[in-house]
Amino acid sequence: MAKDLLEHIDFASLECLNHAPGHGADNVLKQGYREQDELYLESDTDEQLLLNVRFHQRVRLQGIVIKAVEEAKAPKRIKLYANRPHMGFSDTGSVPCAQELELTPAQLAKGEQLPLKLVKFNNVDVLSIFVESNQGDEETTKLCKLALFGSAGEVFNVAEIKKVGEEK
């Protein structure tokens, strides 16, 4: 069962590019803050945001929750990148993403957990979350909760999967 990976996030090295002053990533990631819709992360100069979330140890990501209450400013297209420690906006056009999500207003209003591709997020120490656009083509993007789910510790090796009945 996937659990909230909050305790595994290295908040000291959390990086968020293009956030409005006073409306940074802590508001959406930290326990207590992310439960209050009036605390939010908002972009500054345009609709794009880029978060680089580092973990204290390698994790296996299985799901992501993104909640937004202001529909027009809610994220629409999000690209996720695994293990790119110094991801910047210039990299988003040239580096292939591990998974792209197209979010619906209903998913965002409920804050429902969206599944991630197991093979792409099996052994992650840095997750980069690129918010490319928002629902209403607004000037800024706003979200009030971001939660990551999965497991830490023993990592599942996809190469070790064997067909049932197959022996060495």
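Q: Is Phe130 buried or exposed in this predicted model?
A: The model is a predicted one, and Phe130 has a relative accessible area of 2%. A residue under 20% counts as buried. Phe130 is therefore classed as buried.

Q: Which residue forms an aromatic pair with Phe130, and in what arrangement?
A: The whole structure holds one aromatic pair. Its two rings lie 6.1 Å apart, centre to centre, with 70 degrees between the planes. Planes over 60 degrees apart count as edge-to-face. The partner of Phe130 is Phe89, and the arrangement is edge-to-face.

Q: How many residues apart in the chain are Phe89 and Phe130?
A: Phe89 belongs to the loop between E5 and strand E6 (99–102), whereas Phe130 belongs to strand E8. Phe89 is partly exposed, at 29% relative accessibility. The pair links distant parts of the chain, and the separation is 41 residues.

Q: Which residues of the largest nonpolar core touch the most other members?
A: In soluble globular proteins, nonpolar side chains tend to be buried together. The largest nonpolar core of this model has 34 residues. Those that touch the most other members are Phe55, Leu61 and Ile64.

Q: Which element gives the most residues to this core?
A: Elements that give two or more residues to the core include helix H1 (26–29), strand E4 (49–67) and strand E10 (145–152). The most residues, eight, come from E4.

Q: How many residues are in the second, separate core?
A: Among the members of the second core are Tyr81, Met87, Val95 and Phe130. This core is separate, and its number of residues is five.

Q: Which residue in E10 is the bridge partner of Lys3?
A: Strand E1 (residues 3–4) also pairs with E10, in the antiparallel sense and over two bridges. In E10, the partner of Lys3 is Gly150.

Q: Why is Cys97 too far from the closest cysteine sulfur for a bond?
A: A disulfide requires two cysteine sulfur atoms within 2.5 Å. The closest cysteine sulfur to that of Cys97 is in Cys16, and this separation is too far for a bond. The distance is 18 Å.

Q: How far is the nearest cysteine sulfur from Cys144, and how many disulfides does the whole structure have?
A: Cys144 is buried, with a relative accessible area of 1%. For the whole structure, the number of disulfides found is zero.

Q: With which side chain does that of Thr140 form a polar contact?
A: Thr140 is located in the loop between strand E8 (124–131) and strand E9 (142–143). At 10% relative accessibility, Thr140 counts as buried. Beyond its neighbours within four places in sequence, its contacts include Glu42, Asp44 and Asn134. The polar contact, of 3.3 Å, is with the side chain of Lys73.

Q: Is Asp137 buried or exposed?
A: Asp137 occupies the loop between E8 and E9. Although Asp137 is not a glycine, its phi is positive, at about 50 degrees. Its relative accessible area is 71%, and a residue over 50% counts as exposed. Asp137 is therefore exposed.

Key: Residues are numbered from 1 along each chain as its sequence is written. This is a predicted model: local features need pLDDT of at least 70, side-chain atom pairs count only at pLDDT 80 or more; totals for chains, interfaces and linings use all residues. Side-chain values use heavy atoms; hydrogens and water are left out. Helices (H or I, at least four residues) and strands (E, at least two) are DSSP runs, numbered from the N terminus. Buried means under 20% relative accessible area, exposed over 50%, partly exposed in between (1.4 Å probe, protein chains only). A polar contact is a pair of N or O atoms within 3.5 Å; within protein, one must be able to donate a hydrogen and the other to accept it, and residues adjacent in sequence count only if both atoms are side-chain atoms. Contact means heavy atoms within 4.5 Å. A nonpolar core is a set of buried Ala, Val, Leu, Ile, Met, Phe, Trp, Tyr and Cys residues joined through side-chain atoms within 4.5 Å. Two strands pair if DSSP finds at least two bridges between them. Rings of Phe, Tyr and Trp (its six-membered ring) pair if their centres lie within 6.5 Å; planes under 30 degrees apart count as stacked, over 60 as edge-to-face and the rest as tilted.
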